[in-house]
Amino acid sequence: MFDLQVNGYAGTDFNREGLTAESLHHACECLKEDGVEAILATFITDDLDKMSRRMRTLVELREKDPLAQELIAGIHIEGPFINSEKGYVGAHPPHAVKPGTVEHAKQLIDAAGGLAKLVTLAPECDAGYATTKWLSEQGVCVSAGHCNPSREVLAAACDHGLRMFTHVGNGCPMLMHRHDNIIQRALSLKERLWLCFIPDGVHIEFFALQNYLRAAGMEHSIFVTDAISASRLGPGKFTLAGWDIVIGVDLVARSPDGSHFVGSTVTWPRIQENNTKHIGLTRDDLNKLSIENPKKALGL
């Protein structure tokens, strides 16, 4: 798998303060054991200085570790330029959300030390699409996510460089307009966007995922894990960027009050198992969604 969204793995949280060389190497070892070719280490919404510091730490540690260089193909910056409304903000801390600006985007891109490959933002929170345009000009793939733009705004963002949609069917409220909602808008622009899905049966029920894939088409779809530090570890209590997370026997990552999901614990081996049992893709199509399309989306 070439995974565009990994927040952490096997006990290692990329979003914590004080990431160590040992914990980073351990995560990479486990990813490789699980058949993962490469990932984008993902950093979610927080104070800009904290996000920058955490990315610089990972960049410095990666430079000293050949295995980390092999496994970490780049960085995915998910936020803080997202929609702060309840439901759309998801597990991102609302107090740290801010409108997109080129100045703030430049700070984060600089901190990523040349590894920034993907940025998730809300098009409606990017005045004049300036941040989207600037990021695209830097060679960074820009993705809509945790957002609620109108279809017109989403299409206009595509005109300014938007090329992807982060975890379609998630980062949105449970209750929305039955037709004019962000999922339908994203699907309607499938010819212009790579559409990412989390195939864990929790973020999207398998029958709904099958419907989405038929609507989006194999040529425009991508599987991601949105993995967190609890991936591979089983039930227990964990953290993600300061969030307390409870993993039940069903291996679902939830907030302590159970009100929403906080990332996923799905792994590449489990995605393959889910496909065999519930999704039913051919091996070629599974490889297209998990390996070929992610690379194409990044221009690799």
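Predicted model: local features only at pLDDT ≥ 70, side-chain atom pairs only at ≥ 80, totals over all residues.

Student: Good. What share of the 300 residues in the protein is buried?

Tutor: Buried residues account for 58% of the 300.

Student: And how many helices and strands are there?

Tutor: There are 10 helices and 13 strands in the protein. The radius of gyration is 17 Å, close to the 19 Å that the globule rule gives for 300 residues, so the protein is as compact as a globular protein of that length.

Student: What box do the C-alpha atoms fill?

Tutor: Roughly 45 × 45 × 40 Å, taken along the principal axes. Of the contacts with a separation of 6 or more, 71% are between residues 24 or more positions apart.

Student: How about the surface, how much of it belongs to carbon and sulfur atoms?

Tutor: The accessible surface is about 12200 Å², and carbon and sulfur atoms hold 51% of it. As for charges, the protein carries 29 positive and 37 negative side chains, with the centres of the two sets 2 Å apart.

Student: Let's go to the strands. Is β1 mostly covered or mostly open?

Tutor: Mostly covered: five of the five residues in β1, which spans residues 2–6, are buried. β1 pairs with strand β4 (residues 38–44) in the parallel sense, over three bridges.

Student: Which residue in β4 stands opposite V6?

Tutor: That would be A41.

Student: And β6, how many of its residues are buried?

Tutor: Five of the six residues of β6 (residues 116–121) are buried, so this strand is largely enclosed by the rest of the structure. β6 runs parallel to strand β5 (residues 72–78), and four bridges join the two. In one of these pairings, H76 has L118 of β6 as its bridge partner.

Student: Which way do the side chains of β9 point?

Tutor: W194 and C196 point one way from β9 (residues 194–197), while L195 and F197 point the other way, and all of them are buried. Strand β8 (residues 162–165) runs parallel to β9, with two bridges between them. The bridge partner of F165 in β9 is L195.

Student: Changing topic: where is the cis peptide bond?

Tutor: Between G79 and P80, with omega at about 5°. P80 sits in the loop between β5 and α4.

Student: OK, so what is phi for Y129?

Tutor: Near 60°, a positive value in a residue other than glycine. Y129 lies in the loop between β6 and α5. Its relative accessibility is 16%, so Y129 counts as buried.

Student: And H146, where is that one found?

Tutor: H146 is in the loop between β7 and α6. Its phi is positive too, near 50°. At 5% relative accessibility, H146 counts as buried.

Student: Which residues does V89 contact?

Tutor: Leaving aside neighbours within four places in sequence, V89 is in contact with I82, N83, S84, P94, V97 and H146. V89 itself is in the loop between β5 and α4, and is buried at a relative accessible area of 5%. The C-alpha atoms of V89 and G145 are separated by 9.2 Å, although these residues are 56 apart along the chain.

Student: Last topic, two serines. Is S290 buried or exposed?

Tutor: Buried, with a relative accessible area of 0%. S290 lies in helix α10 (residues 283–298). Not counting residues up to four places away in sequence, S290 touches M1, F2, F223 and W268.

Student: And what is the relative accessible area of S188?

Tutor: It is 37%, so S188 is partly exposed. S188 belongs to helix α7 (residues 182–188). From S188 to A215 is 27 residues in sequence and 8.7 Å in space, C-alpha to C-alpha.

Student: Great, thanks for the tour!

How values were computed
Residues numbered from 1 in each chain as written. Heavy atoms only, no water. Rg over C-alpha atoms; globule rule 2.2 N^0.38 Å. Buried < 20%, exposed > 50% of the residue type's maximum accessible area, 1.4 Å probe, protein only. Contact = heavy atoms within 4.5 Å. Areas by Shrake-Rupley, 256 points an atom, 1.4 Å probe, with all protein chains shown as cover. Lys, Arg positive; Asp, Glu negative; His and termini not counted. Charge placed at Lys NZ, Arg CZ, Asp CG, Glu CD. Pairing = 2+ DSSP bridges.
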